[in-house]
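Subject: Structure handover

Hello,

Here is the structure you asked about. My notes follow below it.

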Amino acid sequence: MLENVDKWPCCPNGWSDEMSCIVKRYLFRSPAYGVSRMAESFTDSMRITQSALAEAMLERIKEKIEIEPAFFDSGPEVEKALDKYGESPWSKEEDFYICTRTNKDSLREAIEKTAESSVKEVPGLGSDATKNILRRYNELDAMYRHIRNAIAHGCFRVVTTGGEDRFFFFDISSSGTISACGMLKFSSLDAWYNLSCEVAQKKL
């Protein structure tokens, strides 16, 4: 699936200040739900207490990183989608983010306590409102969570393609399948982080 990943040097050209910033921002201060004692979860820091706000934040992230993330419910689905990139997806000049949606009991329980989740039918979400509410939160959480996990487990590589430094990463599920894989320009990660800070200060 991914060629010789166990032999990768994470930073072939040495550890840069830019990489140190990525670690601080996306690992130590990750706003994924319940992963860091150094930062509040996105539900608190950004006051995202409605699924519409979660969806709005995700749309703004897409604008900043200039790609359309692909979300799936299982690792095998991610692996199938990853096939199109070949065994060396980091060698291409194409940013992407493929991942599973978060499926954490702690996040689900927090969402179920919101007033919105108690309504059986929400305008714009239809009769299957509960499922769609969870999906919106789980997709936003997944964007932060998989990058955090990749850094924590050393599943990343800094590459230079098209004259730009890029952050290639992947996450592995407990069952051993690839639960996420992506590549983002350093400049995109900067823009995404700045957006997160702006939203945390001003709220959506």
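A residue is called buried under 20% relative accessible area, exposed over 50%, and partly exposed in between (1.4 Å probe, protein chains only). By that rule, Arg-47 is exposed, at a relative accessible area of 55%.

Two points on the source. The model is predicted: local features need pLDDT of at least 70, side-chain atom pairs count only at pLDDT 80 or more, and totals for chains, interfaces and linings use all residues. Residues are numbered from 1 along each chain as its sequence is written, and side-chain values use heavy atoms, with hydrogens and water left out.

**Overall picture**

The chain has seven helices and five strands. Helices (H or I, at least four residues) and strands (E, at least two) are DSSP runs, numbered from the N terminus. Along the sequence the order is α-α-α-β-α-β-α-α-β-β-β-α. The chain has 204 residues, and 48% of them count as buried.

Contact means heavy atoms within 4.5 Å. Take the contacts in the chain with a separation of 6 or more: 66% of them are between residues 24 or more positions apart.

The chain exposes about 10400 Å², and carbon and sulfur atoms supply 45% of that area. Accessible areas come from the Shrake-Rupley method with a 1.4 Å probe; for residues, only the protein chains shown count as cover.

**Positive phi**

Back to Arg-47. This residue is in the loop between helix H2 (42-45) and helix H3 (51-65). Arg-47 is not a glycine, yet has a positive phi of about 50 degrees.

Glu-66 is another such case, with a positive phi of about 60 degrees although it is not a glycine. Glu-66 sits in the loop between H3 and strand E1 (70-72). Its relative accessible area is 60%, so Glu-66 is exposed.

**Salt bridges**

Side chains of opposite charge can pair when their charged atoms come close. The cut-off used for a salt bridge is a side-chain nitrogen of Lys or Arg within 4 Å of a carboxyl oxygen of Asp or Glu. How many salt bridges does a search of the whole structure find? The search finds 13.

- Lys-62 and Glu-68: the closest N and O atoms are 2.8 Å apart. Lys-62 is buried, with a relative accessible area of 13%. Glu-68 is exposed, at 57%.
- Asp-105 and Arg-108: the closest N and O atoms of this salt bridge are 3.4 Å apart. Both residues lie in helix H5 (residues 105-112), three residues apart, about one turn of the helix. Asp-105 is partly exposed at 49% relative accessible area, and Arg-108 is partly exposed at 30%.
- Arg-145 and Asp-141: the N to O distance in this salt bridge is 2.6 Å. Both lie in helix H6 (residues 129-152), four residues apart, about one turn of the helix. Arg-145 is buried, at 9% relative accessible area. Asp-141 is buried too, at 0%.

There is also a network: salt bridges that share partners join Asp-73, Arg-101, Arg-135 and Glu-139.

**Negative patch**

Asp-17, Glu-18, Glu-164 and Asp-165 form a negative surface patch. Patches are made of residues with over 30% relative accessible area and no salt bridge; like charges are joined within 9 Å, and nonpolar side chains (Val, Leu, Ile, Met, Phe, Trp, Tyr) within 5 Å. Lys and Arg count as positive and Asp and Glu as negative, while His and the chain ends are not counted. The place of a charge is NZ of Lys, CZ of Arg, CG of Asp or CD of Glu.

Helix H1 (17-28) and strand E4 (164-172) each supply at least two residues of the patch. Asp-17 is in helix H1. This residue is exposed, at 64% relative accessibility.

**Two more residues**

Is Ser-196 buried or exposed? Ser-196 is buried because its relative accessible area is 10%. The residue is in helix H7 (residues 186-202). Leaving aside neighbours within four places in sequence, Ser-196 is in contact with Met-46, Met-57 and Tyr-144.

Gly-154 is in the loop between H6 and strand E3 (156-161). This glycine is partly exposed, at 35% relative accessibility. Gly-154 and Phe-170 are 16 residues apart in sequence, and 9.2 Å apart in space, C-alpha to C-alpha.

Best wishes
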